[in-house]
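Reader: I would like to go through this model with you. Please set each value against its definition.

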Amino acid sequence: MKKDFYEILGVSKSASEAEIKKAYRKKAIEFHPDKNPDNPAAEEQFKLAAEAYEVLSDPQKKAKYDQYGHQAFDGAGGYGGGHGGMNMDDIFSQFGDIFGGGFGGFGGGGGGPRRAKGSNMRIKVKLTLEEIANGVEKKVKVKRKVQAPGVSYKTCSTCNGQGQVMRVTNTILGRMQSASTCPSCGGSGQILDKKPNNADAQGMILEDETVSIKIPAGVVDGMQLKVSGKGNDAPGNSIPGDLIVAIEELEHEFLKREGENLHYDLYISFAEAVLGISKDIEAVNGKVRIKLEEGIQSGKILRLKGKGIPSINGYGSGDLLVHVNVWTPKTLTKEQKQFFENALNDDNFTPHPEKSDKSFFEKVKDMFS
């Protein structure tokens with residue numbers, strides 16, 4: 001079972017952005033590889049802290065984590081650079097500026113050259129309610145920027161392969177040193193040496209690739225998943241970007257979703273309401289047969305436990321709420337009309353609601369309780 005991110009960094013859920021950043025820096029310095037050489041346990045803690053910080057430092061990811069926990073990100077390769085797919089180069093590339101100076105600049109596991117990261121790609125995946133309820137693996141074709149076959153790069157002479165240039169400025173507080181991305185190589189530490197004819201100015205080409213995306217059950221419309229390393233490449237000794245997958249939920253013909261619950265409108269005739277009947281109800285995992293008792297009232301709500309959408313946190317499933325509606329015919333034959341005219345004076349057809357028959361407002365209240 002994965003450890004809670006707040007516990008990893010030692011902060012509360014109400015911690016501010018500055019407090020989260022400070023806590024991460026403290027943990028990262030404590031478990032940094034330069035301070036703990038050949039120590040797998042320290043490296044593991046270093047990666048866990050980076051994973052926690054990546055999520056908690058991003059307001060959108062933090063909100064999803066607070067609502068859904070780890071399950072909000074597990075369906076498509078982790079958190080997008082989290083512990084499940086993030087290596088040491090990923091961490092130094094994304095969070096190197098957190099550390100400042102010391103330990104070789106925290107630039108890449110001992111002061112080595114920084115590795116540039118390619119740009120992220122974004123796609124939208126449309127899912128049916130059945131796919132959302134059961135989870136699904138989708139294969140999508142994307143066009144990625146990759147390094148062209150035969151391309152070669154050489155060390156950037158401006159930054160000597162570091163990807164950064166240092167500047168020293170005089171201030172009233174004394175001489176201050178700052179680092180910025182190298183303008184010549186864009187932070188990759190390398191520049192183009194040999195370029196194939198079909199490549200662009202950076203030695204890149206577009207290539208089709210089919211990517212498999214595992215989508216967990218219970219995702220919601222608008223949720224974003226991340227497939228690590230399936231975005232664009234960058235020139236030189238770089239790290240590929242990520243593929244961001246936005247979920248779009250398609251409207252179902254019969255079922256309406258409300259969180260983890262589903263709603264179904266069942267229309268029955270007056271005769272069926274009087275005599276009672278069995279009906280097949282559309283559900284996300286096939287049809288379900290229900291029995292309506294004799295004399296069922298219009299507005300009755302039948303709750304089918306566990307026939308809704310699974311919780312993305314793995315806490316069971318919602319319910320299927322069947323709303324019974326008695327259909328009143330608009331036209332009648334002469335004989336039918338005569339029957340109901342006679343029924344007007346029949347006490348058996350006069351409404352006699354029982355105390356157990358709940359009002360509309362009570363039913364709505366029960367529905368949301």
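Reader: What does the secondary structure of the protein come to?
Author: Nine helices and 15 strands. Helices (H or I, at least four residues) and strands (E, at least two) are DSSP runs, numbered from the N terminus. This is a predicted model, in which local features need pLDDT of at least 70 and side-chain atom pairs 80 or more, while totals for chains, interfaces and linings use all residues. Residues are numbered from 1 along each chain, and side-chain values use heavy atoms, without hydrogens and water.

Reader: What makes helix 2 roughly antiparallel to helix 3?
Author: Helix 2 (residues 17–31) and helix 3 pack at about 165°, with axes 9 Å apart. Axes are lines fitted to C-alpha atoms over the stretch in contact, and angles run from 0 to 180 degrees between N-to-C directions. Over 145 degrees counts as roughly antiparallel, so helix 2 is roughly antiparallel to helix 3.

Reader: Which residues of helix 2 make the contact with helix 3?
Author: Ile20, Lys21, Tyr24, Lys27, Ala28 and Phe31. Their partners in helix 3 include Phe46 and Tyr53. Contact means heavy atoms within 4.5 Å.

Reader: What makes a set of residues a nonpolar core?
Author: The members are buried Ala, Val, Leu, Ile, Met, Phe, Trp, Tyr and Cys residues, joined through side-chain atoms within 4.5 Å. Buried means under 20% relative accessible area (1.4 Å probe, protein chains only). The largest such core has 63 residues. Leu9 and Ile213 are among those with the most contacts inside it. Helix 3 (residues 40–56) gives the largest share of this core, nine residues. Apart from it lies another core of five residues, including Cys156 and Val165.

Reader: How much of the protein counts as buried?
Author: 39% of the 369 residues.

How values were computed. Buried means under 20% relative accessible area, exposed over 50%, partly exposed in between (1.4 Å probe, protein chains only). Angles under 35 degrees count as roughly parallel, over 145 as roughly antiparallel, 65 to 115 as roughly perpendicular and the rest as oblique.
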